[in-house]
Amino acid sequence: MLRSFLVPAALLISVSASAQARNDSVPDLTALIGKPSSELVDVVNRFSSDLTSVSRRYDAPDSPAQRKRMREFYTGWSKRLREIDFDKLSQEGRVDYVLLNHYMIHELGLLDRQDKLRAETAPLVPFADRLLALQDNRRDFVTVNPRATSSTLASVTRQVDSLRSLLESPPSKLDSSGGKAAVARPAAPKVSRTVANRAALDVDEMRAVTGSWYKYYDGYDPLFTWWMKDPYKKLDDALTRYSRTLRERVVGYKPSEAASANGPRGSGSNDGPIIGDPIGAEGLKLDLAYEMIPYTPEELIGIAEHEYAFSLSEAKKASREMGFGDNWKAAMEKVKETYVEPGKQPDLIRDLARQAEAFFDQHDWVTIPQLAREDWRMEMMSPERQRVAPFFLGGESILVSYPTADMSEEDKLMSLRGNNPHFSHATVFHELNPGHHLQGFISDRYNPHRQLFGTPFWSEGQSLYWEMFLWDHGFQVTPEDRMGALFWRMHRSARIIFSMKFHLGKMTPDQAVQFLVDTVDFERANAEGEVRRSFSGAYSPLYQIGYMIGGLELRALHKELVDSGRMTDRAFHDAVLQGGPMPIAMVRARLADTPLTRDGPLPWRFSEELPPPVPAPVKGKQ
């Protein structure tokens with residue numbers, strides 16, 4: 001159903017008003033002089049610069065030299081940080097101390113995790129260190145010995161081909177007389193699909209690193225090329241075939257899928273089974289400690305189920321207003337059929353963005369500088385990316401997901417239905433102002449050194465918080481708009497449930513897809529894209545829970561500081577933005593001036609302080 005949606009003109013900023021505001025958009029420069037800041041700004045900046053240098057220098061991922069140097073780097077910095085007199089720091093200085101200390105503790109923990117993962121994949125990639133050491137030696141300016149190195153490549157090629165042969169052919173058996181029919185061959189390494197998929201990604205990465213290493217010398221060193229051209233080509237072909245065999249024979253890709261799967265780790269291939277790499281209970285414990293979340297995965301699932309129950313109740317209420325009784329999925333289907341015609345989605349996004357800005361202006365809830373209204377841009381998302389990102393994305397620009405002429409009929413319908421005006425009404429401001437775009441705008445101008453500590457609990461949590469905040473203040477007027485908002489709210493709850501259960505080994509990716517279809521009424525293709533994106537490796541394991549949990553943390557903090565009368569809405573929201581990215585427990589330490597030690601704040605059980613969810617008013621009873 002193609003419809004035209006227009007935003008009331010009264011809610012839009014006029015062209016003349018915008019032009020006048022641009023003339024006044026330069027800030028008061030005197031107010032920027034001598035502003036108090038953390039004593040550790042230079043420390044954090046130096047750490048960030050040194051980390052960039054070390055990471056740039058040791059650029060062979062997980063190579064022997066890189067592993068050793070990164071551990072030395074974090075250990076050395078941790079030791080020197082403890083030389084600072086914590087008690088003499090201001091609260092802002094203590095915040096930076098805790099953030100930096102937590103960052104390094106977590107990075108060291110991730111190195112330990114990577115050691116365990118490497119041990120699991122070692123039987124499939126026993127040649128890894130030898131190959132990656134080539135790039136390490138290049139960065140150390142070691143003069144290459146082409147003849148000796150060609151032997152190394154030939155040896156690795158034989159090892160790769162041997163492993164591939166084991167996976168492609170069963171081991172030999174005894175003949176009927178009891179003698180050997182042939183020379184007995186060892187059995188292939190027994191590993192899970194998850195480990196095999198990880199190994200295939202490792203092989204792709206090694207192949208890319210080795211290719212970069214080879215191109216550095218090829219042609220510039222005639223003797224190198226003379227010795228290496230044939231061994232390198234054979235190695236490159238062997239790695240390509242081996243990666244494909246791992247995917248086909250162990251992971252379960254179809255041949256065509258495996259052939260197209262080679263790509264950077266985290267690229268989120270659109271084909272093949274969704275595998276993922278669960279981190280287990282210990283991994284979740286480490287990551288939750290870094291985010292200062294004092295809850296077990298099971299408790300977080302309980303919080304999500306409570307939030308979902310509220311959303312489901314509200315969805316049924318909106319469904320009844322739309323004439324569908326308690327059949328909320330029928331009402332949701334009606335909402336999905338209200339998409340605008342192809343080519344008109346950019347106009348809709350523009351109007352919804354301006355409507356949200358005007359609504360915030362009416363209530364003076366947060367500062368949105370004129371330049372932040374002016375500088376955001378819009379781009380269209382490619383059909384390929386829409387397979388793993390079926391809804392629009394935002395930040396510096398908003399990336400619009402909508403059908404293109406060369407998409408299949410099925411993909412076109414998926415994109416139309418999943419990006420209907422009512423879904424978009426609840427999330428354009430999530431991506432732009434006062435969501436991700438404003439976050440980036442303010443973070444570049446206030447405490448930019450804290451961008452190192454970026455976390456989805458601050459970025460996604462803040463944008464989700466605004467979704468709940470506008471719900472509370474009646475932004476969604478019609479039952480159709482409320483259904484659109486509730487789709488996302490149920491989605492955020494479902495993300496916590498399926499991601500926690502996946503990492504605990506209690507839910508498979510396929511079950512997660514079905515869970516989204518059943519509980520949120522996702523289009524199946526969109527659900528597959530969502531789950532694929534969640535587990536592709538491009539996002540941290542806790543990324544998907546950061547939306548709802550971070551939003552609930554901010555909701556509890558708002559109750560503590562604003563509902564109590566200690567801060568105004570505008571002062572609170574501006575302070576959250578200007579403080580920079582960090583776990584929300586540290587936002588609370590800044591704004592509520594809670595005690596801090598070197599190890600951080602005391603555990604904050606925020607769910608016990610949450611205000612009750614605000615139900616939408618019943619139609620006709622305002």
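Four cavities of 30 Å³ or more were counted in the predicted model, a cavity being a set of points, on a 1 Å grid over the protein atoms alone, where a 1.4 Å probe fits but cannot get out. Each volume is the space filled by probe spheres set on the points, with grid points joined across faces, edges and corners. In this predicted model, local features need pLDDT of at least 70 and side-chain atom pairs count only at pLDDT 80 or more, whereas totals for chains, interfaces and linings use all residues. Residues are numbered from 1 along each chain as its sequence is written, and side-chain values use heavy atoms, with hydrogens and water left out.

The largest cavity holds about 70 Å³ of space. Its lining (residues with an atom within 4 Å of a point) consists of Ala426, Phe429, Leu464, Glu467, Met468, Trp471, Gln476, Ala485 and Arg489. Two or more of these residues come from each of helix H20 (456-472) and helix H21 (479-503), helices being DSSP runs of H or I with at least four residues, numbered from the N terminus. H20 gives the largest share, four residues. By class, the lining comprises six nonpolar residues, one polar and two charged; Ala, Val, Leu, Ile, Met, Phe, Trp, Tyr, Cys and Pro count as nonpolar, Asp, Glu, Lys and Arg as charged, and the others, Gly among them, as polar.

The second largest cavity has a volume of about 50 Å³. Gln462, Tyr465, Trp466, Leu554, Phe572, His573, Val576 and Leu577 line this cavity. At least two lining residues are supplied by H20 and at least two by helix H25 (569-579), with H25 providing the largest share, four residues. Six of the lining residues are nonpolar and two are polar, with no charged residue.

Technical notes
On a 1 Å grid over the protein atoms alone, a cavity is a set of points where a 1.4 Å probe fits but cannot get out, and a pocket is an open set with protein on both sides within 12 Å along at least five of seven lines; lining residues have an atom within 4 Å of a point.
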